[in-house]
Amino acid sequence: MKIGRHAKIIDLIGKYDIETQEELAEHLKKEGFQVTQATVSRDIRELRLTKVPAAGGRQKYALMQPQDAEDAKRYLRVLKDGFVSMEMAQNILVVKTVSGMAMAVAAAIDAMHWAEVAGCIAGDDTIMCANRSSDDTLLVMEKIRRIVGE
C-alpha cells in the first residue's frame, strides 16, 4: 500500500505542479488513495521531497535527495549552456544543441527524471527525446523553456 502510494506521489509530482500537502492529498484521492494530512506529511518526509520554483512565482514539490542537489545544478547548467532550439514532432521532441553537446544535454534531460520522458537518443548536435504523448511533449518543451529562460 505504502509503496504504491509513494510511486503514485512521484508520478503526480512529475505530472503536476503541486504546491501544498492539501493539493497532493486531493490528487491522491482522485487516484483512489484514502489519505489523511498526517499520512501525506509522513510520505513527503520519507520520500525526501523538496520545494522548487514553479511557474508564476509558485513553488512545487520535487524529488531531490540532498546529495543530488549539486548534480541537479550541474545538469541545469549543461542544459542551459548546450541548448540551441527545439521542435516538436508529435511525441518526439527534437532538440538542437551546440556542436558536441548533444550527449551531455541528453544526459541532463534524462537525469531530470521527468515522468513525460521515456528516453533520449543523442548524436553530435541533435537529440531525439521520446515522450509518452504529444501532450507530454508540450509539457517537456515548457519545462525546457523555463530552464533555458526562453
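Beyond its neighbours within four places in sequence, I144 is in contact with F83, M86, L93, I109 and W114; contact here means heavy atoms within 4.5 Å. The structure is a predicted model, in which local features need pLDDT of at least 70 and side-chain atom pairs count only at pLDDT 80 or more, while totals for chains, interfaces and linings use all residues. Residues are numbered from 1 along each chain as its sequence is written, and side-chain values use heavy atoms, with hydrogens and water left out.

The largest nonpolar core has 20 residues, of which L93, I109 and I144 touch the most other members. At least two residues of this core come from each of β3 (83-89), β4 (92-97), α5, β5 (117-122), β6 (126-131) and α6 (134-148). A second, separate core holds 14 residues, including A25, L28, L49 and Y61. A nonpolar core is a set of buried Ala, Val, Leu, Ile, Met, Phe, Trp, Tyr and Cys residues joined through side-chain atoms within 4.5 Å. Buried denotes under 20% relative accessible area, exposed over 50%, and partly exposed the range in between (1.4 Å probe, protein chains only). Helices (H or I, at least four residues) and strands (E, at least two) are DSSP runs, numbered from the N terminus.

An α-helix has 3.6 residues a turn, so residues three or four places apart point the same way.

H113 follows α5 and has a positive phi, near 55°, although H113 is not a glycine. This residue lies in the loop between α5 and β5. H113 counts as exposed because its relative accessibility is 68%.

## Packing of α1 against α3

Two packed helices are described by the angle between their axes and the distance between the axes. Axes are lines fitted to C-alpha atoms, for helices over the stretch in contact, and angles run from 0 to 180 degrees between N-to-C directions. Helix α1 (residues 2-15) packs with helix α3 (residues 37-47) at an angle of about 75°, and their axes are 11 Å apart. The two helices are therefore roughly perpendicular; angles of 65 to 115 degrees count as such, those under 35 as roughly parallel, those over 145 as roughly antiparallel and the rest as oblique.

On the α1 side, K2, R5, H6, I9 and I10 meet T39, D43, E46 and L47 of α3. This contact of α1 with α3 comprises three nonpolar, two polar and four charged residues. In this classification, Ala, Val, Leu, Ile, Met, Phe, Trp, Tyr, Cys and Pro count as nonpolar, Asp, Glu, Lys and Arg as charged, and the others, Gly among them, as polar. H6, located in helix α1, is buried, with a relative accessible area of 13%. With residues up to four places away in sequence not counted, H6 touches D43, E46 and L47. L47 belongs to helix α3 and is buried at a relative accessible area of 11%.

## Packing of α2 against α3

Helix α2 (residues 21-30) packs with α3 at an angle of about 105°, with 10 Å between their axes. This angle makes α2 roughly perpendicular to α3. Q21, L24, A25 and L28 of α2 form the contact with Q37, V40, S41 and I44 of α3. By class, the contact of α2 with α3 has five nonpolar, three polar and no charged residues.

S41, in helix α3, is partly exposed, with a relative accessible area of 21%. S41 and L24 are 17 residues apart in sequence, and their C-alpha atoms are 9.8 Å apart in space.

R48 lies in the loop between α3 and β1 (49-53). Its phi is positive, about 55°, although R48 is not a glycine. R48 is partly exposed, with a relative accessible area of 47%.

Q90 occupies the loop between β3 and β4 and counts as exposed, at 60% relative accessibility. Leaving out residues up to four places away in sequence, Q90 touches S134 and T137. Q90 and D136 are 46 residues apart in sequence and 9.5 Å apart in space, C-alpha to C-alpha.
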